[in-house]
Each structure stands twice: as structure tokens, then as C-alpha cells.
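Biologist: Hi! Could you walk me through this one in plain words?
Modeller: Happy to, let's have it on the screen.
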Amino acid sequence: MVTVFLYLFGLLAILSALGMIFHKNPVYSALFLVIAFFSLAGIYALLGAQFLSIVQVMVYAGAIMVLFLFVIMLLNLRNEIRLPIGRPFQVIFGVIFGILLLVQGFLILKASSVSGALGVFPQSRVDQIGSVEALGTLLFTKYLLPFELASVLLLIGMVGAILLGRKKLPNEG
Amino acid sequence: MIPTTNLLILGAVLFSIGVIGVLIRRNAIVIFMSIELMLNSVNLTLIVIARQLQSLDGQIFVFFIMTVAAAEVAVGLALIISAFRLRSTVHVDDINLLKG
């Protein structure tokens, strides 16, 4: 059952990603990406990362994509009048290199396996104490410094975005 | 539960779809969305490997990647809006002020 849903969500993610890069209307591309994010959130939940699945929906589909759609509608972008993809030379080489990257990835995956020191959080323990509490204990003890730095980063992002996006007043340069 | 290699293949396919999107599209916003897709494929890979290695460090990493991606999208879209105000277009072939 879990397997069926994993394959379904995976297929949905790939199809919506393909739809995103090939559609000419940017609003449709953004909506295809929202579908991709939702299917990835479904995969995270099936893999036992429930907190991250909800955060993915809230942050990516709920905030980032809304921001994208706001900007697309603010700039009033319609269907691409000119060719939405580049000149044929660029497109051919782009697709070739993308497929080359994918083939490289496949070869690496076939030749190696994921192995290493096991951690202290098997899925049974995470199911017992809850995904939120497990992540919370790690976040506030071992990863406290990155947590604080992330909040500073968000502050910098806010200040930068407001500074870049404001309209200049008439009496300043 | 499907083997982890299949999920890693899904991550690789999504990443390369993002790369192809960045390389062939000419709209700055769609290029940016393809970059977000690449970040998400990395998130998927991290969560899969974290589950395989029975550790939550991968999930913490994903948490911070989402934070960084949110800040990056805010600043990047502000930059695109500034470029649009200057050139009235988001077609990257037209934003070539530095060209000789």
C-alpha cells in the first residue's frame, strides 16, 4: 500500500516537473510546481518525516509559491510572445547535458550503496516520541548555532528584499 | 517500502529536470522555479538517506535548506522586480546591459 502510493506520488512529481518546464504560461508553470511540491510532501510523509512534510506544504507551497504567483501577476506576464525556450542550439545542448547529468547520476547510484554509521533515531523510536519532538531536541541542542544563524539570515533576507523592492522617493538619488 | 535506490533515482530525475529547465527556458521566473525544483530534489535525497541511516541529521539539514530557500526566493524575486523596472522584460536574452 505504501509502495503503491510512493510510486504514484513519484510519478506525479516527475510529470508535474516536466509540465512546469515545458508550459509557456508562467502561471501554469507555477501551479505545476505547486503540484510537484505537494507530491513531494506526500513522499516525505510516507517516509516518516511528517513534520517536514507539513513544513514543506506551509513554506514551499504556501509561502514561496504564493510569492512567485504574486510577482508573476504583479509584472503582468502573459503567454510568452516570443519563443519561450531558447534558440535550437541552446535547447539541444541543454537537453543533452541534462540527460548526461542524469546518466551520470544513474551510474553512480548503480555503483554504490548508502552505508555508514547508523544514528540513534530508528523509525520505531521516531514513531514513538513523535517527529516534532525528535527534531526539536536535535534542533535546540546539537544544532543550536545554525538555528540562530538561520534566524539572522531570515532577517537579512527581509531587509534585503524590502530595500531592493521599494520605490525611490522623488527627492533621493 | 521501496528500496532507497529507487527513491534516489527519483531525486536524480527531478534534479536533472530542474537543470534542463534552467538551461532551456528564457523567462527569469521559470528559471528561478527550476532552481527551487533542484533544491527540493536535494531535500528528497537527504530525507531518504536520513531514513536509511536511521539518523535525523538529514532532516535537520532539510529544515535549514527550506529556510535558506525561503530567504533566497524573497531576495531573488526582489532582484527580478528591480530588473523588470529597468528593462520592462523578464526575458533573460534582453537583460544584456553589460554586453559590448
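Biologist: What share of the 173 residues in chain A is buried?
Modeller: Buried residues make up 25% of chain A. A residue is called buried if 20 or more other C-beta atoms lie within 10 Å of its own, exposed if 12 or fewer, and partly exposed in between, with C-beta atoms placed from the backbone. This is a predicted model, where local features need pLDDT of at least 70 and side-chain atom pairs count only at pLDDT 80 or more, while totals for chains, interfaces and linings use all residues. Residues are numbered from 1 along each chain as its sequence is written, and chains are lettered from A and ligands numbered from 1 in the order in which they are written.

Biologist: And what percentage of chain B is buried?
Modeller: For chain B, 53% of its 100 residues are buried.

Biologist: How many helices and strands are there in chain A?
Modeller: Chain A has seven helices and zero strands. Helices (H or I, at least four residues) and strands (E, at least two) are DSSP runs, numbered from the N terminus.

Biologist: Is chain A compact or spread out?
Modeller: Spread out: its radius of gyration is 21 Å, well over the 16 Å that the globule rule gives for 173 residues, so chain A is more spread out than a compact globule. The radius is taken over C-alpha atoms, and the globule rule is 2.2 Å times the number of residues to the power 0.38. The C-alpha atoms of chain A fill a box of roughly 60 × 45 × 30 Å along the principal axes.

Biologist: OK, now chain B. What is its secondary structure?
Modeller: Chain B comes to three helices and zero strands. Its radius of gyration is 17 Å, well over the 13 Å from the globule rule for 100 residues, so chain B too is more spread out than a compact globule. Its C-alpha atoms fill a box of roughly 55 × 25 × 20 Å along the principal axes.

Biologist: Which domains does chain A have?
Modeller: Chain A is divided into domain 1 (1-81) and domain 2 (126-168), with bounds that come from an automatic or database domain assignment. Their centres, taken over C-alpha atoms, are separated by 22 Å. The contact between them takes four residues from domain 1 and four residues from domain 2. Two residues are in contact if their C-beta atoms, placed from the backbone, lie within 7 Å.

Biologist: Switching topic: how many residues does each chain give to the contact between A and B?
Modeller: That contact takes 61 residues from chain B and 71 residues from chain A. On the chain B side, helix 3 gives the most, with 22 residues. The residues of that side divide into 42 nonpolar, 14 polar and five charged. Here Ala, Val, Leu, Ile, Met, Phe, Trp, Tyr, Cys and Pro count as nonpolar, Asp, Glu, Lys and Arg as charged, and the others, Gly among them, as polar.

Biologist: Can you show me one spot? What does A:Leu109 touch?
Modeller: Leaving aside neighbours within four places in sequence, A:Leu109 is in contact with B:Thr5, B:Leu8, B:Ile9 and B:Ala12. A:Leu109 sits in helix 4 (residues 88-111) of chain A.

Biologist: Why is A:Leu109 classed as partly exposed?
Modeller: Because A:Leu109 has 17 other C-beta atoms within 10 Å.

Biologist: How many residues are in the largest nonpolar core?
Modeller: That core has 66 residues, and those with the most contacts inside it are A:Leu33, A:Ala36, B:Ile29, B:Met33 and B:Ile47. Helix 2 of chain B gives the most to this core, with 12 residues. A nonpolar core is a set of buried Ala, Val, Leu, Ile, Met, Phe, Trp, Tyr and Cys residues joined through C-beta atoms within 7 Å.

Biologist: What does B:Met33 touch?
Modeller: Not counting residues up to four places away in sequence, B:Met33 touches A:Met20, A:Ser29, A:Ala30, A:Leu33 and A:Phe68.

Biologist: Last one: where is B:Gln54, and what is its phi?
Modeller: B:Gln54 lies in the loop between helix 2 and helix 3 of chain B. B:Gln54 has a positive phi of about 55 degrees although it is not a glycine. Most residues other than glycine have a negative phi. B:Ser88, in the segment after helix 3 of chain B, also has a positive phi, of about 60 degrees.
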